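Please look over the structure shown here before reading on. The briefing that follows takes up a few residues, one after another.

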Amino acid sequence: KLDAFLDRVYEHFANTDMKVSLKTRIGKEDPEEFHELLRIFNQYPVSELIIHPRIRTDFYKNKPNLTVFQEAVDKSGNPLCYNGDIFTAMDYRDMTDRFPTVDSVMLGRGLIANPGLIRHIKDGSELTKEEIRTYNYRLLEAYQKALSGDKFVLFKMKEMWIYMGHMFTNHEKYVKKMKKSQTVTDFKIALEQLLHEQEIIQEAGFSGDKR
């Protein structure tokens with residue numbers, strides 16, 4: 001089905017300048033599935049093959065399977081992009097050192113946890129508490145304009161802090177207060193308490209499925 005789908009896609013764009021990138025996991029239930037997936041991908045001129053080296057049933061549990069990603073590095077006929085568990089500048093350096101021929105990386109949850117991560121990777125600049133405050137207040141304002149009622153706004157903010165909380169020392173009780181908040185005002189109080197009483201951990205890691 002995948003092969004047939006891609007055949008139709010590339011046939012449709014054959015006479016255009018459109019580029020098609022693909023994002024994939026390494027299988028649904030077993031990493032062994034990736035051998036066949038890669039064979040199929042190699043039949044097409046994929047502009048970038050973005051690989052998150054977990055199987056679908058992992059969700060975000062377990063560790064990325066770097067052995068299988070190495071197989072892609074060795075055998076892919078298309079440019080590769082790595083995706084998965086890059087939460088710190090050290091994570092990024094470890095990945096690029098291990099796979100020096102892969103010059104493209106996709107960041108997902110790492111940017112939710114630390115919105116200054118790209119800057120920190122590039123030049124070592126550290127995120128400040130004031131930047132965290134400004135970022136949160138601007139995001140709150142934007143959500144309040146786009147969504148109706150505190151309930152939906154807070155759902156977005158609470159989900160973000162599942163990840164962002166790990167950037168702070170002793171964050172647990174403050175994030176718990178955020179999760180229990182019923183109004184934006186209550187959320188802001190918990191946020192200000194955290195910023196006042198705890199410190200940022202610049203190389204804070206994150207692991208596991210905390211959704």
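**A buried asparagine**

N136 counts as buried because its relative accessibility is 0%, where buried means under 20% relative accessible area, exposed over 50% and partly exposed in between, with a 1.4 Å probe and protein chains only. This is a predicted model, in which local features need pLDDT of at least 70 and side-chain atom pairs count only at pLDDT 80 or more, while totals for chains, interfaces and linings use all residues. Residues are numbered from 1 along each chain as its sequence is written, and side-chain values use heavy atoms, with hydrogens and water left out.

**Surroundings of N136**

- N136 belongs to helix α7, residues 129–146 (helices are DSSP runs of H or I with at least four residues, strands are runs of E with at least two, and both are numbered from the N terminus).
- Its side chain forms a polar contact of 2.8 Å with the side chain of W161 (a pair of N or O atoms within 3.5 Å; within protein, one must be able to donate a hydrogen and the other to accept it, and residues adjacent in sequence count only if both atoms are side-chain atoms).
- Beyond four places in sequence, N136 is in contact (heavy atoms within 4.5 Å) with residues including M157, M164 and F187.

**D3 in helix α1**

- D3 sits in helix α1, residues 2–12, and counts as partly exposed because its relative accessibility is 26%.
- The side chains of D3 and Y44 are joined by a polar contact of 2.5 Å.

**S76 in a loop**

- S76 lies in the loop between α3 (66–75) and β3 (80–83), and its side chain reaches the backbone oxygen of N78 at 2.9 Å.
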